[in-house]
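Here are some notes for a colleague who is opening this structure for the first time. Please read them with the model on screen.

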Amino acid sequence: MTSRFFFPECFLCFLCHCHLTTSECEGIPKNTDTSVVRGATYAIIIGISKYKNVTPLQYADRDAAAFENLLLSNAGGKVPEANIEIFLNDKATRTYVGDAISEVARKAKPGDRVYFFFAGHGDMEDLTQVENGLLLLYNSPNGNYFGMNDDVLEILDLKRYLSLFQNGA
């Protein structure tokens, strides 16, 4: 990969509450409510170390698995395994991840907590007027993302999807 924007390993974790306030930080509303979340917790976890077309990473899949283990533990709130969707390496495709986002959007209720965790390659699509960050999924090409829809997650789209949870899903 020769892009000057290529991030060798990108970690991204969003926490969305369905009752967030409107103060914003980096475009994602901040939760200023210090009360304990009493609703359910859901997680979509992605970790890709072995890509089909992109240089492999060493520990991204392990980091994702470690985050899942944390959520399952007492320290992480003992999140039920049924509420966690994890996609490692070749399972991290747009179809699977998109289905998981849709499923969580149907399940999440006001007061619930939703985690989105990504460990893998990231890049920028910089040929258009709007520079857009990309999370590279398993089948992602090694550059030339212009017009890509299937093998990357666009940060702008992801932000729009996750806003469903911020507005009271």
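1. Overall order. Read along the sequence, the protein chain runs β-β-β-β-α-β-α-β-β-β-α. That pattern holds three helices and eight strands; helices (H or I, at least four residues) and strands (E, at least two) are DSSP runs numbered from the N terminus.

2. Basis of the values. This is a predicted model, in which local features need pLDDT of at least 70 and side-chain atom pairs count only at pLDDT 80 or more, while totals for chains, interfaces and linings use all residues. Residues are numbered from 1 along each chain as its sequence is written, and side-chain values use heavy atoms, with hydrogens and water left out.

3. Burial. Of the 169 residues in the protein chain, 45% are buried. Buried means under 20% relative accessible area, exposed over 50%, and partly exposed in between (1.4 Å probe, protein chains only).

4. Length of helix 2. Helix 2 covers residues 94-107, and its 14 residues should span 20 Å at 1.5 Å a residue; the expected span is 1.5 Å times one less than the number of residues. The end C-alpha atoms are 20 Å apart, which agrees.

5. Sides of helix 2. Its buried residues are Val97, Ala100, Ile101 and Val104. They lie on the same side of helix 2, because they cover an arc of only 100° around the axis; the arc is that of the directions from the helix axis to the C-beta atoms. An α-helix has 3.6 residues a turn, so residues three or four places apart point the same way. The face of helix 2 turned away from the buried side carries the exposed residues Thr95 and Arg106.

6. Cavity. The structure holds one cavity of 30 Å³ or more. A cavity is a set of points on a 1 Å grid over the protein atoms alone where a 1.4 Å probe fits but cannot get out, and lining residues have an atom within 4 Å of a point. The lining of the largest cavity consists of Tyr42, Ala82, Asn83, Ile84, Glu85, Glu103, Val104 and Lys107. Strand 5 (84-88) and helix 2 are the elements that give two or more residues to this lining, and helix 2 gives the largest share, three residues.

7. His121. This residue is in strand 6 (residues 113-125). Is His121 buried or exposed? His121 is buried, with a relative accessible area of 2%. The side chain of His121 reaches the backbone oxygen of Thr55 at 2.6 Å.

Conventions:
A polar contact is a pair of N or O atoms within 3.5 Å; within protein, one must be able to donate a hydrogen and the other to accept it, and residues adjacent in sequence count only if both atoms are side-chain atoms. On a 1 Å grid over the protein atoms alone, a cavity is a set of points where a 1.4 Å probe fits but cannot get out, and a pocket is an open set with protein on both sides within 12 Å along at least five of seven lines; lining residues have an atom within 4 Å of a point. Grid points are joined across faces, edges and corners, and a volume is the space filled by probe spheres set on the points.
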